[in-house]
Amino acid sequence: PACFSLDVFRKVGSAQVRLEDLERSGGDRCGSVDVALADGGSASVTLQVADLPADCAPAGKDGAVPLDLGGCNGQPAGVKCETSDKAKSYLAQHSVQKLLAGMLHRLLEAQPQDPVAFMLSHLQTTGASNVGAPKTAESEAAVTVVSSQAAPEEAGEEEEGEEAGEDDDEPPGFAADGSEPLPDLTEHHSLMAKVLREAPSLYDSLRETRTPTGVTLARCIKCGVDNVGHPIISTPGITAGDAHSYAVFRDVFDPILRGMRGGGPAEDRVQPFDVDPSAIVDVDVDPAGGHVQRVVIALQRNLEGFPFANACSWQERRSAEAAVAQALASLQGDDLDGSYLPLPGSESFGACPDGMAKEDEAALKADGLLFEEPDSDILISAGFLRHWPDARGVFRGRQRGLAVWVNEENHVRILSARRDG
């Protein structure tokens with residue numbers, strides 16, 4: 001049956017939708033779809049989909065019909081997707097998003113009288129080293145133009161900032177170090193905003209407090225402060241920076257967790273934990289072979305003693321990568337043997353200083369086992385884009401379908417995927 005993926009605003013969740021489950025209404029299909037949210041909750045979305053003319057929607061693999069939300073104007077349905085992939089690949093290859101995010105953060109921090117000259121100076125002093133593109137006559141000319149326009153004082157300030165180290169790569173917005181007072185959250189819709197509106201003194205009382213790994217409350221709530229949210233879809237508005245965050249900042253986390261999980265004392269909510277392999281049932285979930293296209297089992301874990309991936313410093317993230325890569329290299333057995341491949345552009349792994357080869361990148365992408373830089377406003381403001389793509393990579397098992405993601409949204413995400421159901 002024809003189906004497509006529905007992404008909810010700001011990608012807070014997604015759902016797989018079967019066209020045949022939607023009721024016909026004139027030339028459209030309409031229905032209500034339950035969407036699984038990233039925070040574990042759910043939301044109901046009313047959907048109206050216009051049927052595409054047959055000549056504008058050629059069938060893809062397994063009879064699936066590509067859905068072109070931009071309409072049909074004679075352009076093949078896959079062209080827009082291909083163009084989007086090329087654009088993402090170009091931006092990732094040259095670390096453009098990372099460069100711009102750092103530039104905006106510095107701009108808001110310094111607030112110079114001439115913002116244009118300040119940005120030009122930033123591009124001159126950081127662009128060549130951070131973007132990683134080979135120098136050409138065109139790029140050399142661009143640097144020459146920048147040099148003639150940048151203000152000397154601001155350029156000096158920028159160079160001094162660069163000497164502070166790699167850990168200045170913070171996204172713009174609310175300061176994660178706790179140096180700023182809490183802004184007005186009246187128009188914010190997250191659970192975090194509700195908690196701090198009801199107890200406004202909480203932030204000030206915990207503002208200077210740090211966890212054993214150095215995480216502040218400001219870092220935890222930054223994603224909820226920078227993003228207003230939606231009045232219908234309630235999100236947590238908070239991201240723990242390490243395992244200690246839940247205890248050190250429990251006066252903020254506990255009421256949010258109660259709101260997410262239906263209330264009750266925090267002590268009564270114990271996460272079920274069962275790793276007994278005998279509990280696995282060997283049952284074919286799709287014996288007819290007409291419904292399940294791919295099955296993925298995922299396990300996510302973080303390393304003890306480290307901040308979580310969103311709060312790691314540049315060096316901590318590299319140390320976590322080295323620890324995981326070393327552990328994976330020690331695995332023995334045909335079903336566990338493999339190799340660690342850092343993401344393209346990462347310079348952290350000595351055995352592969354320029355990142356994985358294009359052939360490996362294409363193979364992982366074809367198997368659906370390659371992750372890309374986050375494009376969600378919430379994930380970016382939480383810190384998951386910091387130092388991208390440094391110290392991120394994929395362990396690919398020689399047995400096809402086994403992969404371990406390193407420093408994506410967690411230190412470790414183990415994936416086992418099969419396409420036969």
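In which strand is Ile 297 found? I looked this up in the model, which is a predicted one, and I place Ile 297 in strand E6.

**Entry 1. The residue and its surroundings.** I then looked for nonpolar neighbours on the surface. Ile 297 forms a nonpolar patch there with Val 285 and Val 295. Together the three residues have about 270 Å² of accessible area.

**Entry 2. The sheet that holds E6.** I traced the sheet and found that it is open and built of 5 strands. I read their order as E6-E10-E9-E8-E7, with antiparallel pairing. Which strands stand at the edges? I identified E6, residues 295-301, and E7, residues 338-342. Each of these has a single partner strand, and therefore one side of each lacks a neighbour in the sheet. From one strand to the next, I noted an average twist of 20°. As background, I recall that strands of a sheet pair through backbone hydrogen bonds, in either a parallel or an antiparallel manner.

**Entry 3. The partner of E6.** How many bridges join E6 to E10? I recorded 7 bridges, with E10 spanning residues 412-418 and the two strands running antiparallel. Within this pairing, I found Leu 299 opposite Ile 414 of E10.

**Entry 4. A helix across the sheet.** I then examined helix H12, which comprises residues 358-366. H12 lies across E7 and E8, the latter being residues 393-397. I noted that H12 runs at about 75° to E8.

**Entry 5. A residue in helix H2.** I turned to Leu 100, which I located in helix H2, residues 96-110. Its relative accessibility is 39%.

**Entry 6. The protein as a whole.** The protein contains 13 helices and 10 strands. Of its 421 residues, 37% are buried. I noted an accessible surface of about 24000 Å², with 53% of it belonging to carbon and sulfur atoms. Among contacts between residues at least 6 apart in sequence, I found that 61% join residues at least 24 apart.

Notes:
Residues are numbered from 1 along each chain as its sequence is written. This is a predicted model: local features need pLDDT of at least 70, side-chain atom pairs count only at pLDDT 80 or more; totals for chains, interfaces and linings use all residues. Side-chain values use heavy atoms; hydrogens and water are left out. Two strands pair if DSSP finds at least two bridges between them. Helices (H or I, at least four residues) and strands (E, at least two) are DSSP runs, numbered from the N terminus. Axes are lines fitted to C-alpha atoms, for helices over the stretch in contact, and angles run from 0 to 180 degrees between N-to-C directions. Contact means heavy atoms within 4.5 Å. Patches are made of residues with over 30% relative accessible area and no salt bridge: like charges are joined within 9 Å, nonpolar side chains (Val, Leu, Ile, Met, Phe, Trp, Tyr) within 5 Å. Accessible areas come from the Shrake-Rupley method with a 1.4 Å probe; for residues, only the protein chains shown count as cover. A salt bridge is a side-chain nitrogen of Lys or Arg within 4 Å of a carboxyl oxygen of Asp or Glu. Buried means under 20% relative accessible area, exposed over 50%, partly exposed in between (1.4 Å probe, protein chains only).
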